[in-house]
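Open the model in your viewer and keep the selection panel at hand. The tour makes two stops, one on each of two chains.

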Amino acid sequence: MNNANVRIKAIYNNYEAFINALKVLSSKKELDMDVISPMPLHDVEKLIPQKPSGVRWFTFFGGILGLIIGFAFPIYTVLDWPLITGGKPVVTIQAFIIIAFELLILFGAAFTLLGLLFHARLPRQNLSNYDVRFSGNSFGFVFSVPERKINEMKNILQDADDIITDKLSTESGRIGNESR
Amino acid sequence: MSKENYFAPDLIVDQVNAQVLEPLKKPSKLFYVMIALFISFILFGAYCLYTQIFEGLGVAGMNNPIAWGIYLTNFVFWVGIAHSGTLISAILFLFRSRWRTSVNRIAEAMTVFAVTMAGLFPLIHLGRIWFAYWLLPYPNARHLWVNFRSPLNWDVFAVVTYMTVSTLFFIVGMMPDMAVLRDRFKGIRSKIYGVFAMGWRGTHRQWHHYETAYLLFAALATPLVISVHSIVSWDFAMSSLPGWHSTIFAPYFVSGAIFSGCAMVITILYPLRKFFHLEDLITEKHFTRISQMMLLTSLIVTYSYLTEFFIAWYGHNIFEQESFYNRAFGYYGIYFFMMFVFNSILPLGIFFKKIRTNIKVLFVISILVNVGMWLERFVIIITSLSRDYDPYAWGIYKPTYIEWGIFLGSVGGFLLLFFSFAKFAPVVAISEVKGQIHHDKTGGDHE
């Protein structure tokens, strides 16, 4: 029974206490935790450094795709029925730059949204690893540890305003599954 | 660098939720009166549109030579209004401008609703609204494609892109705040907010990806906003009509758009702030900052007005000279002078501290600037068309009640969308305001 995982939600109203606990927790590399806050926090970024977000690649390739379509599609249409107007060439790249530019932005933005949804693993319905106080003024952690470690963790989290523990049915209690 | 506090000095993070969520509670009677008024505008507009569809485009005042009337004036006007939203939310974000935080959501909402109204007008103008899909390139048996060399087609792409991107930006920007609402309400409302929050939890990884995505959205929206109004201006500048055919049009229209948009932000912010008691979050300083942007763009617009006249005189083109003489002293001259007073002379008052710190005066100026900017588009479109090269084809245009009615309907539609938004969604970016207050208090650096 000792190997069963327990989910711990620790909720802090005091920022200093939260950061002090984070300093200890972030040094434990094996701990897979979610640090939850109502706003983005620079201290968290410093203590838990992350790779640059992969969202930017979505934007980049989306933009490139839009650019290619923005040129290829008008060129295809004018060649589909080549009609010379005003003595100008049929394939008028200058005019198509505008279409290409707009589609670059359109596809870039659409792919940025897809990238965000993909990396942040949204949309999701299950909010069991969450507490409504996190969208108020509270900060906190959600993670799962083997049952035997629970006292050690409670020691670290002693300044928390509230700690909620519940047993997880599966052993692999990975909490957050956002891309890292 | 010293940081200026733009909120009420005693505002703390704990109060932000309550302050922003206050408007979402039961509204006052006045709210319903306003909603009824806006709906009556829309109904009248719908009646006018119905008449136009069944009677034909002849019920509008447009005729040769003035085939572009106030429908397209309204189109340019609404697209222009939309621009300051992106400016405040995207460009000022990239510049790390701290004052944008409590007004960016309102400005973004304004963008989305204004561009929705703008998008209707080219379709209404075309008359046979049921053929609107002809604007889009789609495969068909006759191998007919849209003309990608036409600025009118560029416009279709620009406006559709702008509408989509600004809506995405708006919805993504609201995601963390929708989570706040999801957690504060119960029942069906919580479920609906939950759909928009998409299961947002606010973990450090989500924030990390979210901040990157937001930055990228801002980086994409910034060149977009400049391109869209440039393309709108090319609807005119690409033709060889005196008064339209000018290389100055793109920057002239873009600055005009931001000018009118800033004015509309003030016009909307003033009653909204009073109505929903947002005085702690939206302070006098915000109004001052927006008015300063208005002043800057007003100066650029004034410079463009004068340049147009200078070039007409200096260029020695008699058609151009006649066109501009007619613009100032012809049949529509009074509108030109009204436009000049409202857009160029009145905003100069913002140079004085007494005026730019007085919200009531700014509100009045902003309304007059809105009128002035609408008149600017009217003057550019109608006076140029009324007198082109051939005196035989000169003419006068007077909008009919149908055209005014549809314009009124669009005003009603815009305000209804806006008030409904203010009633059901967070009008202030909660997480951004919290972030700013938090970082100011803990001494971290945050834009």
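Helices here are DSSP runs of H or I with at least four residues, numbered from the N terminus. The model is a predicted one.

**Stop one: chain B**

Select B:Phe44, B:Tyr47, B:Tyr50, B:Phe54, B:Tyr401 and B:Leu408. Together these residues make up a nonpolar surface patch with about 650 Å² of accessible area. Now colour α2 (29-55) and α14 (401-424) of chain B; each of these helices supplies at least two of the patch residues. Which helix gives the most to the nonpolar patch? It is α2(B), with four residues. Centre on B:Tyr50 to land in helix α2 of chain B.

**Stop two: chain A**

Move to strand β1, residues 5-12 of chain A. Is β1(A) enclosed or open to the outside? Eight of its eight residues are buried, so the strand is largely enclosed by the rest of the structure.

Show the side chains next. In a regular strand, side chains alternate between the two faces of the sheet. From β1(A), A:Asn5, A:Arg7, A:Lys9 and A:Ile11 point one way, while A:Val6, A:Ile8, A:Ala10 and A:Tyr12 point the other way; all are buried.

β3 (residues 139-146) of chain A pairs with β1(A) in the antiparallel sense, over eight bridges. β4 (residues 162-167) of chain A also pairs with β1(A) in the antiparallel sense, over six bridges.

Finish on A:Val6. Opposite this residue in β3(A) stands A:Val145, and its bridge partner in β4(A) is A:Lys167.

Key:
Residues numbered from 1 in each chain as written. Chains lettered and ligands numbered in written order. Predicted model: local features only at pLDDT ≥ 70, side-chain atom pairs only at ≥ 80, totals over all residues. Heavy atoms only, no water. Patch = residues over 30% accessible without salt bridge, like charges linked within 9 Å, V, L, I, M, F, W, Y side chains within 5 Å. Areas by Shrake-Rupley, 256 points an atom, 1.4 Å probe, with all protein chains shown as cover. Salt bridge = Lys/Arg side-chain N within 4 Å of Asp/Glu carboxyl O. Buried < 20%, exposed > 50% of the residue type's maximum accessible area, 1.4 Å probe, protein only. Pairing = 2+ DSSP bridges.
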